[in-house]
Amino acid sequence: MSHDSRTAPRICPLCEATCGLTLTIEGTTVTGARGDRDDIFSRGFICPKGASFGGLDADPDRLRVPLVRGEDGELREAAWGEAFDLIAARIPDLVKTHGPQAVGVVLGNPNVHTMAGSLYPPLLLGALRTRNVFTASTLDQMPKHVSSGLLFGDAHAIPVPDLDRTGHLLLIGANPLESNGSLCTAPDFPGRLKALRRRGGTLTVIDPRRTRTARLADRHVAIRPGADALLLAALAHTLIDEKLADPGPLAEHLEGLDELAAALADFTPEAVAAACDVDADTITAIARELAAAPTAAVYGRIGSCTVEHGTLASWLVDVLNILTGNLDRPGGALFPLSATARAPRAAEPGTRNAAPGKGFALGRWSSRVSGHPEAKGELPIAALAEEIDTPGEDRIRALVVIAANPVLSAPDGDRLDAALADGLDFMVSVDPYLNETSRRADVVLPPPPPSQSAHFDFAFNGFAVHNQVRYTRAAVPLEDGRMDESEIHARLILAVSGLHGAPPSAVDDLAVDTALTRAGAPKELAAGLTGGSGPERRLDLTLRLGPYGLTLEQLLAHPHGIDLGPLKPRLTQVLRTRSGRIELLPDPIAADLPRLRRALGDRPAPLVLVGRRHLRSNNSWMHNVGSLTGGSNVCTLQIHPDDAARLGLADGDTARIESSGGGIEAPAEITDTVRSGVVSLPHGWGHSRPSTRMSVAAAHPGANVNQLLDGTLLDPLSGTAVLNAIPVSVTPAH
C-alpha cells in the first residue's frame with residue numbers, strides 16, 4: 001500500500017448478502033476490496049462480485065453525464081440542467097393531455113441495492129399518480145409477497161430460515177451457494193450451511209439440477225421442474241394424514257386448519273409421485289424427517305416461484321413451517337425486525353392475539369389490455385409491451401425506467417424493444433449504462449459509481465437472518481460533473497410533478513413531514529434530525545421512529561455495524577389479517593387449488609428448460625465487469641448426456657432452442673448435473689443489440705433466454721412470468 005493509500009468500509013451493493021467490504025483507495029480510485037473482518041454481520045466473508053468492486057466502480061463504459069436525444073434521433077451528451085428541462089417540458093404535458101395512466105414506471109432489481117433507489121421511487125409514483133407500475137418482482141419474488149400477504153395480511157411479512165440455529169433445512173428451488181441467498185439476507189450462506197452440517201443438522205435440497213448447494217446436501221431430490229407445489233402439497237398432506245402436524249403455540253393463532261386438510265386431501269404422495277418424478281416413499285420420508293426434527297425450516301426461492309404454480313408453492317412453504325410448529329420460533333422461520341421497520345403493533349388488550357388489520361387484497365385494478373389483476377400495486381412486467389403498443393385510451397405513451405433492463409429480463413424482448421422504439425412519445429432512463437433498454441430513452445440520467453454513494457439497506461435488513469444495522473457514507477467524494485443519485489431522483493420527481501426549479505431538498509422535507517404525520521410524531525422532531533444530506537436526515541428519522549430508537553449518529557459511531565441480536569418470535573406484531581390470525585386457506589389460494597389438482601394428470605413435456613444462477617453474475621447488470629467473465633459465468637445450454645446423444649449434440653456444438661416466443665442459439669454443455677429431460681440456460685444474457693455502450697458484455701453476448709417466451713404464461717395470482725419448466729425443442733443448429 002502506497003503512502004497515500006487509505007481504506008474505507010463499504011457495504012457491498014452487488015447482491016442480497018450485503019457483506020461488509022474494506023476498500024483500498026488510492027487518491028479517489030478504488031484499487032482493491034476485501035472482506036471486512038470487523039463487520040458485525042459478514043465477519044470478513046467476500047465473494048467474487050464483492051472482490052470486483054473496484055473494476056465495476058471504475059468501468060470506463062459507465063456514463064458520466066446525461067444523454068439527450070437530439071433532433072437527428074441520436075443520443076448526445078448534455079448538461080444536467082438541459083436533461084431535466086426536457087423532462088419537465090414533456091412528461092407533465094403528456095399527463096395533462098392524456099391523463100396519469102399515460103405514464104408507466106419500471107423499477108429494476110438494482111433499486112433495492114441503493115439508498116436512493118429505496119427512498120425515492122415511492123415519491124415518484126405518488127407524484128405521477130399512475131397505476132402502470134412494473135417491477136422486477138414479477139420476474140422473481142412476487143409469489144412470496146402475495147402468499148405472505150394472504151397468510152399474514154402483510155406482503156412484506158416474509159419469514160426467513162433461522163440458519164444459525166436450525167437443525168433441519170429443506171431448500172426447494174434455491175441455490176444459495178451461487179445466488180448468495182434471496183429474500184434471505186445471509187452473508188456467507190455457504191459457511192452457514194456447512195455449520196449446520198457440523199452441528200449435526202440435516203440439509204435437504206430439492207432441485208432438478210445437482211447444483212453446488214445440492215452437492216452439499218444430505219439428500220438431493222431431482223424433482224421434475226415445475227412440480228414444486230405438488231411435492232409441497234404432498235408433504236403437507238402427509239403431515240396431516242399421519243397426524244404428524246403439531247403447530248404447538250401457533251394453534252391459537254390459526255384459522256382454517258380443518259379446511260386446509262380437506263383442500264389437500266387429493267395430494268397424496270402416491271398421487272403426486274408421477275407428476276413430480278419422485279417416488280412416494282421419498283416424499284413420505286421427507287415429511288417424517290421434517291416432523292421429527294427438533295427444529296426445522298423450509299425455504300423456497302426462484303426455482304419454485306417462477307413456475308405456473310409459484311404462489312401456491314410459496315404458500316405451501318409457510319404452511320409446512322406452520323404445520324411443524326416451526327414458524328416464529330428459534331431454529332425455524334422467523335420474521336426479522338430491522339432498525340427502520342414500523343414500530344411493532346400491540347396485541348389485543350387482554351389477549352395474546354394480534355389486533356385485526358386491514359388485510360391484503362389482490363386485483364384492486366387490472367391492466368388495460370389483458371385484464372391482469374394488480375398484485376401489491378404492480379402489474380405484470382410481461383404485459384408492458386402490450387400496454388405500449390396496443391392502441392386505446394390510457395395507452396402508455398411515456399415511460400420512466402429506473403435501473404431496469406426489461407428488454408433482456410422480461411419475456412419477448414423483441415416485442416418490447418420495438419414498442420420502446422416506435423410506441424412511446426417520451427422515455428427517461430436512470431441508468432449508469434447505455435444498455436439494451438436505456439438505448440431507447442430520450443433522456444438518460446446516470447448515477448455515480450457506488451464508491452461515490454452512501455449506502456443503507458432499507459430492504460434487505462428486513463430479510464436478514466440476524467438483526468443488525470449498518471451504514472456507510474461515500475468512500476470517495478463525488479466526481480466533478482456527476483450528480484448524486486439521490487439528487488437525480490429528487491430532481492426527477494420535481495420535474496414530472498410540475499415543480500421543476502424547486503430545490504431538491506424540498507422533496508426530502510416533504511418526505512420527512514409526511515413520515516412524521518403518519519407516525520403521529522411531533523413535527524418538532526424534524527429540527528433535531530442530523531445528517532449532511534436529505535437522505536441522511538430521512539434515515540435518521542426512520543431510525544428514531546423504528547423499534548430500537550437508534551440515531552444516525554450512533555450508526556456513524558459504529559462503522560462496522562451494530563448487532564441487534566438474534567431473530568425473536570414476534571408473530572403477533574406482524575399479523576395484519578382482518579381476523580388477526582394466520583389465515584391458512586385464503587380464498588384466492590382455495591380458488592387456485594383446482595388448477596393444481598389438474599396438474600396431477602398432466603403429461604410432462606419431453607424436454608423443459610430451467611434457469612441457473614452464477615456466483616459471478618447478477619442478472620444482466622454485472623456482465624460488463626471483465627474480471628467476472630469466463631469460468632462458470634458463461635451462457636451455455638446445459639444438457640444431460642442421454643438427451644445430447646438422442647438429439648445428436650456433442651459438447652460445444654451450437655444448439656437451437658425453440659419455444660412459444662421464438663428461438664435462440666447457444667453452445668451445448670453436456671453434463672450430468674442436470675437430470676434427463678431438462679436443459680438449463682442462465683438469465684440476463686443477450687448483449688448483442690446495436691447502439692449499446694457495454695463493450696465487455698458485447699464481447700461475450702450470450703443468448704437471451706427470455707426471448708423463448710411470448711409473455712402469455714403467468715402465475716395467475718401474482719402475475720409473475722413463468723420462466724422455469726418451459727417446454728422447449730432442441731436441435732443441432734445448422
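Predicted model: local features only at pLDDT ≥ 70, side-chain atom pairs only at ≥ 80, totals over all residues.

**Charges on the surface and inside**

On the surface, Lys194, Arg198, Arg199, Arg212 and Arg215 gather in a patch of positive charge. Residues are numbered from 1 along each chain as its sequence is written, and side-chain values use heavy atoms, with hydrogens and water left out.

Helix H8 (189-198) and helix H9 (212-215) each supply at least two residues of the positive patch, helices being DSSP runs of H or I with at least four residues and strands runs of E with at least two, numbered from the N terminus. Arginine 199, in turn, is found in the loop between H8 and strand S10 (202-206), and with a relative accessible area of 38% it is partly exposed, a class that lies between buried (under 20%) and exposed (over 50%), with a 1.4 Å probe and protein chains only.

A search of the whole structure finds 36 salt bridges, each defined as a side-chain nitrogen of Lys or Arg within 4 Å of a carboxyl oxygen of Asp or Glu. In one of them, aspartate 218 pairs with arginine 197, and the closest N and O atoms are 3.3 Å apart. This pair links distant parts of the chain, since aspartate 218 sits in the loop between H9 and strand S11 (219-221) and arginine 197 in helix H8, 21 residues apart. Aspartate 218 is partly exposed at 43% relative accessible area, and arginine 197 is also partly exposed, at 32%.

Aspartate 417 and arginine 439 meet in another salt bridge (2.8 Å, N to O). Aspartate 417 lies in helix H18 (residues 413-422) and arginine 439 in the loop between strand S16 (426-430) and strand S17 (443-445), so the pair ties together parts that are 22 residues apart in sequence. Both residues of this pair, aspartate 417 and arginine 439, are buried, and they belong to a network of salt bridges that links Asp414, Asp417, Arg439, Arg440 and Arg689.

Within helix H24, aspartate 592 forms a salt bridge with arginine 595, and these two buried residues lie three residues apart, about one turn of the helix.

Definitions and conventions: Patch = residues over 30% accessible without salt bridge, like charges linked within 9 Å, V, L, I, M, F, W, Y side chains within 5 Å. Areas by Shrake-Rupley, 256 points an atom, 1.4 Å probe, with all protein chains shown as cover. Lys, Arg positive; Asp, Glu negative; His and termini not counted. Charge placed at Lys NZ, Arg CZ, Asp CG, Glu CD.
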